[in-house]
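Hi,

Here is the model we talked about. Please look it over first; my notes follow below.

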Amino acid sequence: MTVPESGQATPTGTDAAALDIGANVLVACTTTTGDQYWYSGQEPFRQFRETTERIADAKAKLPDGQQTSNRIQRLYRKRSRRRDHAVNALLRDLVERLHEDGVEILYHGDLTGVLGEYWSVEANLKARTFWAHRQCLDQLANVCEEYGIEVASLSEAWTSQTCPECGEREQTRRHRETLTCPCGFEGHADLVASQTLLEQATNTEVRPTARPVRFQWDDHQWYPVEGATVAPNE
Ligand SMILES: [Zn+2]
């Protein structure tokens, strides 16, 4: 863990942010300054899945009665290492941005709510295995502490289903990553969830002021990509 040159940084403003943690979009975040960021899970998950398949292959080839091998253990370590690399880089990238935006408190949902019932069993399993929750939230707290940002957990009942335009939550529909409402609203469900969470936490209306910035992982860093459209399978 590297500490910024000034040691423990102090908050630069009085703004807040909220984030939604998921599987296809690893993290979606909205700030009271109206900024929105989202980090695609596509590449980290592709790598994770690939190594998981190699582990399954290696297990299938084990002699009868043998549970594991050096090779399998090595693959597990590799899978964790790559995941941790992507997640740690993500959290650092995000928290640095939030710090620059003047955010001094960051809300995140209670993760039991993240893995909501609208998710498929497969997606739930995928997110659970990938995120290793507690560890990830600990890391978030560590990075935020470096930047003097307070972290608070909130129950996120309904946030993924609430329409940010009219407040409807019973009649909204989520299909893949898109949330639609009878009032005509259509938006990215994870970004909406982070926005709703932020509104609930701060009790103020939050209006995005710019197009969401989307980031992709290239195995070294998270880089912003043009356009906020969501790929069909994301
Ligand atoms: Zn609506």
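Threonine 162 sits in the loop between β5 (150–154) and β6 (173–175). Strands here are DSSP E runs of at least two residues, helices are H or I runs of at least four, and both are numbered from the N terminus. Setting aside neighbours within four places in sequence, threonine 162 is in contact with Gly167, Glu168, Arg169, Leu179, Val192 and Thr196 (contact: heavy atoms within 4.5 Å).

Some ground rules. This is a predicted model, in which local features need pLDDT of at least 70, side-chain atom pairs count only at pLDDT 80 or more, and totals for chains, interfaces and linings use all residues. Residues are numbered from 1 along each chain as its sequence is written, and side-chain values use heavy atoms, with hydrogens and water left out.

Now the zinc site. Cys163, Cys166, Cys181 and Cys183 each give their SG atom to the zinc ion, at 2.3 Å. Donors are N, O and S atoms within 2.8 Å of the metal (3.2 Å for Na, K and Ca); water is not among the atoms, so sites may look incomplete. Along the chain, the donor spacing reads C-x2-C-x14-C-x1-C. The geometry of the zinc site is tetrahedral, with angles of 104 to 117° among the 4 donor atoms (for four donors, all angles between 85 and 135 degrees). The ideal angle for four tetrahedral donors is 109.5 degrees. Cysteine 163 is buried, at 2% relative accessible area. Cysteine 166 is partly exposed, at 46%.

Next, valine 103. This residue lies in strand β4 (residues 103–109). Its relative accessibility is 0%, so valine 103 counts as buried. Beyond residues up to four places away in sequence, valine 103 touches Asp15, Ala16, Ala17, Thr31, Leu98 and Ile149. Valine 103 and isoleucine 149 are 46 residues apart in sequence, yet 7.1 Å apart in space, C-alpha to C-alpha.

Finally, confidence. The protein chain has a mean pLDDT of 83, and 80% of its residues reach 70 or more (pLDDT is the predictor's confidence in each residue, from 0 to 100). Where pLDDT is low, the predicted coordinates should not be read in detail.

Best wishes

Definitions and conventions:
Four donors count as tetrahedral if all angles lie between 85 and 135 degrees; four count as square planar and six as octahedral if opposite donors are over 155 degrees apart and all others between 65 and 115; anything else is irregular. Buried means under 20% relative accessible area, exposed over 50%, partly exposed in between (1.4 Å probe, protein chains only).
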